[in-house]
Amino acid sequence: MRALCWNGVNDLRVETVADPEIINPRDVILKVRLTTTCGSDLHLIDGLIPTMREGDVLGHEFMGEVVDVGPEVKTVKRGDRVVVPSFIACGQCWYCAHDLYSLCDTSHPKPELQEPLLGYPTAGIYAYSHAFGGYAGSHAEYIRVPFADTDCFVVPDGLPDEDALFISDAAPTGFMGADFCNIQRGDVIAVWGCGGVGLMAQQSAMILGAERVIAIDQYPERLAQAEAFGAIPLDFTKVDVMDALKELTGGRGPDACIDAVGMEADGTGTQHAYDRIKQALHMETDRGAALRQAMLAVRKGGTLSILGVYGVMDKFPLGLLMNKGVTVRTAQQHGQAYVPRLLEHALRGELTPGALATHRFSLEDSPTGYRMFKHKEDGCLRAVFIP
Amino acid sequence: MSTAIRKDPPGSAFDASAHAAVTIGRPADELRALWLDPRTCTGIWAHFAIVTMRGDGTVDWIARGPAGSQYRWRTKIIDTGPDDIRWASVDGADVPNTGVLTLRPAPGGRGTELHLDVQFDPPGGVVGKAASKLFNIVPGEIVQKALYQFRALALTGEIPTTNPQPAAREGGADR
């Protein structure tokens, strides 16, 4: 089959590689219908993550059609059109039983590479280096999906592929970030970042009953999309964000602040431990500034929901959180806990993830798609590949 | 999961011992039976050795060392009670070793804690080599990954793997 392979720093090539096969009995093989870029891919492409191998197939946000099923698969069948969360979860362990799917205890083939960094291994993830499992990614004609009964969700008739696609990662990550905020009547939610995850967090906060959602970014087309979703846009290069937030909240401050800034792209999905190392080595003050601004802006006793990752930030103002009594919630996406609900919201038009798909490419042109995505050329919010 | 490599003082009988623990949400008797299933040891130790359990409670091990070297030994289960499984290598082992798996109830209905201790005793033939240099991976990682894979097998019926289709070329996906 054809697949987009990492060959070294900024060296992406579409190549012919071996087709995936059923390995374990609960596996299925999908024919990929759509697959998309994520900001966290850029760290891999830039060579900042040490456990990439030449030839690794990229891509972890995707949907497709089931074309082969393992002997122990119970509910998924050939021909099903499904969306798959980026973290691989078994559905059987303590973490999966507690809806903490990205912390699954059994899905990592190489836990010894990750445990020294985190203390305990997380779930495996598609195409995010070997420290995160080394699973082949979705920028390919076919992909192997383990634990299909837990990880494949049938897309309802009537929901277009492009809406289903982002329910793989951007939508559940954003929804989880809003869910962390425990939104109550009258709450104002401020979201830093209007990339895929940030925009999904904004729509999710509205679904969960926020009185007002404020979107903070600097790119006009992204702020325009946030406004189209019903958020109040703030361009942090043009206004004093603290002043604006106090004005918009009657001096109270946002009840919850969601950090969806991420690192290289604006708030696009999963970030990981190696990103943290990368941040330590390549720290950029503006990134820390966004999180510190959120910490400063959140009201006393409010919630800080972190979807971007700043694990080894120096000069982290912990006393600010302590003295204000801020609740901090954070995680990689526990997508399996949210996907059924998100499919329903999308079917009813309350969630419109397809709006993230600004640019489309064939798989053969996917290196061009990554270039446009990386440099935000032509207002590229997400590049979608059609294998 | 926790692990520790305890370095014994110079001159002690054992060069290194390794310990790891996991909790699995299953009853001890079920886990004990799974541990003693011949197919289990082949799978959970595959990162370290080719392991074959024979019918009489003996197990043959062929461990991979650096530069294509191999170490062979046979272990025998020496005592099995309800709460632990013990084994030791028999005479003639390239790397004499002993192991014990202890099963304890976990609190709050969380299932069973498994504690695995393995002690390697580098023999005269490889004098001067620490146990951690005998194999391609260190002893702590050997036992830790074995327990991770055992937990996966117990809970899901399979061991997570990307082989024989690693994401990278040339099968080079392991490190």
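Lys31(A) lies in strand S3 (residues 28-36) of chain A; helices (H or I, at least four residues) and strands (E, at least two) are DSSP runs, numbered from the N terminus. The structure is a predicted model, in which local features need pLDDT of at least 70, side-chain atom pairs count only at pLDDT 80 or more, and totals for chains, interfaces and linings use all residues. Residues are numbered from 1 along each chain as its sequence is written, while chains are lettered from A and ligands numbered from 1 in the order in which they are written.

With 15 other C-beta atoms within 10 Å, Lys31(A) is partly exposed. The term buried applies to a residue with 20 or more other C-beta atoms within 10 Å of its own, exposed to one with 12 or fewer, and partly exposed to those in between, with C-beta atoms placed from the backbone. Setting aside neighbours within four places in sequence, Lys31(A) is in contact with Gly64(A), Glu65(A), Val67(A), Glu141(A) and Tyr142(A); contact requires that the C-beta atoms of two residues, placed from the backbone, lie within 7 Å. Pro71(A) is 40 residues from Lys31(A) along the chain, and their C-alpha atoms are separated by 18 Å.

## The open sheet

In chain A, three strands form an open, antiparallel sheet in the order S2-S1-S4. Its edge strands, S2 (12-16) and S4 (56-57), each pair on one side only. Two strands count as paired if DSSP finds at least two bridges between them.

Strand S1 (residues 2-6) of chain A pairs with S2(A) in the antiparallel sense over five bridges. Within this pairing, Ala3(A) stands opposite Glu15(A) of S2(A).

## Helix H13

Helix H13 (residues 339-347) of chain A has the buried residues Val339(A), Leu342(A), Leu343(A) and Ala346(A). These lie on the same side of H13(A) because they cover an arc of only 105° around the axis, the arc being that of the directions from the helix axis to the C-beta atoms.

The cover over the buried residues of H13(A) includes strand S6 (81-84), strand S10 (153-154), helix H5 (161-165) and helix H6 (170-179) of chain A. Just after H13(A), Gly349(A) takes a positive phi of about 80°.

## Contacts between chains A and B

In chain A, 32 residues are in contact with 23 residues of chain B. S4 and helix H3 (111-118) of chain A each supply at least two residues of the side that touches chain B. The largest share of that side, three residues, comes from H3(A).
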